[in-house]
Amino acid sequence: MTHGSRALPSGLATALVFGASGAVLVLEITALRLVAPYVGVTLETSSAVIGTALAAIAYGAFAGGRLADRHDPRRLLAPALLLAALASALTLPLVRYAGEALRGGGAGGVLLLTGLAVLVPAGLLSAVTPLVIKLQLADLRHTGQVVGRLSGIGTLGAITATLVTGFVLVAALPTSVITLTLAALLGVGGLALAGYLRRAGGAVRTGGAGAGDRPAVGGRAALAVLGLVGAGATGLAPSPCAVETAYHCAVVRADPQRPTGRLLLLNSAAHSYVDMADPTHLQFAYTRWIGALADVAAPPGRPVTALHLGGGGFTLPTYLAATRPGSRSVVFEVDGGLVALARERLGVRPGPGLRVAVGDARVRLAAEPDRAHDLVVGDAFGHLAVPWHLSTRELFGDVERVLRPDGLLAQNVIDYPPFRFLRAELATVGAVFPHVAVAASPSVLAGERGGNFVIVASRAPLPLARWRDRLDAVAGEPVTVRSGAPLAAFVGGARVLTDDHAPVDQLLTLR
C-alpha cells in the first residue's frame, strides 16, 4: 500500500462502488429528459447523452486512477462525492438556462447541453471506483480478484440504477425531484464518509488537529453553501414543464383570443388545440385537413369507426363524435400521464364512443382485428420527436390489415426542406397502398419552409375531388393536394423505410 493507507471495510467499499456507478446511470437517464424539451428526443440526442456519459466514465476513471497513485485515496473519496453532489444540484439550473439559449441549436447545441447535464457529475462519480480499488489492493496476489469483484459490483450498480430509474423513478417522480434527491444523497454520503474516515484516523494530516481541520471544515461549508445556491437557482430557473409525465414535459395554456381554447405543448412544441366548448373547432391546419377527409370518408351523418395512433389532446376523436354521432374511436396513447392530463385539463371523457388504450401504438395495433376500421389517423409524430417504428412498411402493413376495403389512412408528418423524411414516408406508404396523396400548404410543398403534411392512402381510389371541395370550404387557407404522376416525381427514388432500416432522425436532420 502507498501513503500509509489502509483498506476500507469490504461492505463500505462495495457500497461506494455500487452507489457511485448507479448514480452515473441515474444522471444519464435523467439527462435525456432534462434536455428533451429543448433539443427533442431524437437519435442524435440519445447518442449525445450516451456518448457524453461514456466520456465522463472514461475520463473520470482515468483521472481517479492517476490521483490514486499520487495521493492518499482516503482523502479524495469524500470530496469526490461532495463535488458530485454540488455538480448534480447545479445541473438543473444550468440546463434550464442554457436550454432556452440553445433551443433548436443543431448538433452543437445538443452536445453542449448534454455536456452541461452529465459530464462533470458523472466524471466525478466515475473516479470513485479506481480510488476504492487502490485502497483495497493490499495484496498484489489478489489484484485480479479485487479488480474483478469491484468492477462487477460497479456494473451491477449501473444495471440496478438503470432498471429502477426507467421502470420506477421516472414514472413516479419529476426529473427535478430525482436529480435533487440524488444530489442530496451524494452530499449526505460524502459528509458521512468524511466523518467515518476521520474517526478511523485514515486522513493524513499536516500540522495540529485544529490546523488540519479548519480548511476541511471551511471547504465542506463552502460546498454546502454552493449546493444550497444550486438548489435555490433550480427554483428560480425557467421550467418548461407544468406537468412532467413519463414521456413528456407538458403544458396546457389558455388561448387569450378564445376563452374556451386550450393549447397543449409537449416538450415545448405546440401539439394539440382543444376548444372546450366547441369540439368541431379545429385550430391547426393539418387537423382541418384530416377533419375534411373524415367529412367525405362516408355519407354525411353516418357513424364511422376510427383508430388513432397517438392521442395528444384527443382533438380528432372528439371532432368525429361531434360531427358524426354514434362514431366509435379507439385511441392508442403510450403516455398514461398524458391521458390523465387530457381528462383533467382538456375535458376528455372516455366512454362508449371513445376507448383509450394506454400502450405503444405498434404493439396495440398488432392485436386489432382485421377489417375493423373505416379510418386510421396517425398523429404520433412531433417536430422534435419521431417514433421510428411507427414509420415503417411493416407498420403500414398492419394499418392496411385493420382497414376496411374502402378505409382511409391519414398520416400527419412534419418535415423541413429538402423533405427527405417525407419522401421516404410517401415511398413507404406507397409500397403498401396503391392509392396515395399528400396535402400541404403550397409554400411548404414548394420547399420555402417546413411544416405539416397529411399523407392519405387507401386500397380503393381516393375521394380526392370531394376532399378538395371540402378543403376549399373549411381549410381557411390554400391547400395543395398532390397525387399520381406529380407525387411520384416528388417522391423520386426515396427509400422505403423498414423495421430493419429506418434512419428517421438522420433523414430529418441532415441538410
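Colleague: Which residues form a nonpolar patch on the surface?

Modeller: This is a predicted model, in which local features need pLDDT of at least 70, side-chain atom pairs count only at pLDDT 80 or more, and totals for chains, interfaces and linings use all residues. Residues are numbered from 1 along each chain as its sequence is written, and side-chain values use heavy atoms, with hydrogens and water left out. With about 490 Å² of accessible area together (Shrake-Rupley, 1.4 Å probe), the patch consists of Ile 159, Leu 163, Val 164, Phe 167 and Val 168.

Colleague: Is Phe 421 buried or exposed?

Modeller: Buried means under 20% relative accessible area, exposed over 50%, and partly exposed in between. Because its relative accessible area is 0%, Phe 421 is buried.

Colleague: What is the angle between the planes of Phe 381 and Phe 421?

Modeller: The whole structure holds five aromatic pairs (ring centres within 6.5 Å; planes under 30 degrees apart stacked, over 60 edge-to-face, the rest tilted). One of them joins Phe 381 and Phe 421, with 5.8 Å centre to centre. This pair is tilted, and the angle is 50°.

Colleague: Which residue lies over the face of Phe 490?

Modeller: A charge sits over a ring if NZ of Lys or CZ of Arg is within 6 Å of the ring centre and within 35 degrees of the ring normal. At 4.1 Å from the ring centre of Phe 490, the residue is Arg 423.

Technical notes:
Patches are made of residues with over 30% relative accessible area and no salt bridge: like charges are joined within 9 Å, nonpolar side chains (Val, Leu, Ile, Met, Phe, Trp, Tyr) within 5 Å. A salt bridge is a side-chain nitrogen of Lys or Arg within 4 Å of a carboxyl oxygen of Asp or Glu. Rings of Phe, Tyr and Trp (its six-membered ring) pair if their centres lie within 6.5 Å; planes under 30 degrees apart count as stacked, over 60 as edge-to-face and the rest as tilted. Buried means under 20% relative accessible area, exposed over 50%, partly exposed in between (1.4 Å probe, protein chains only).
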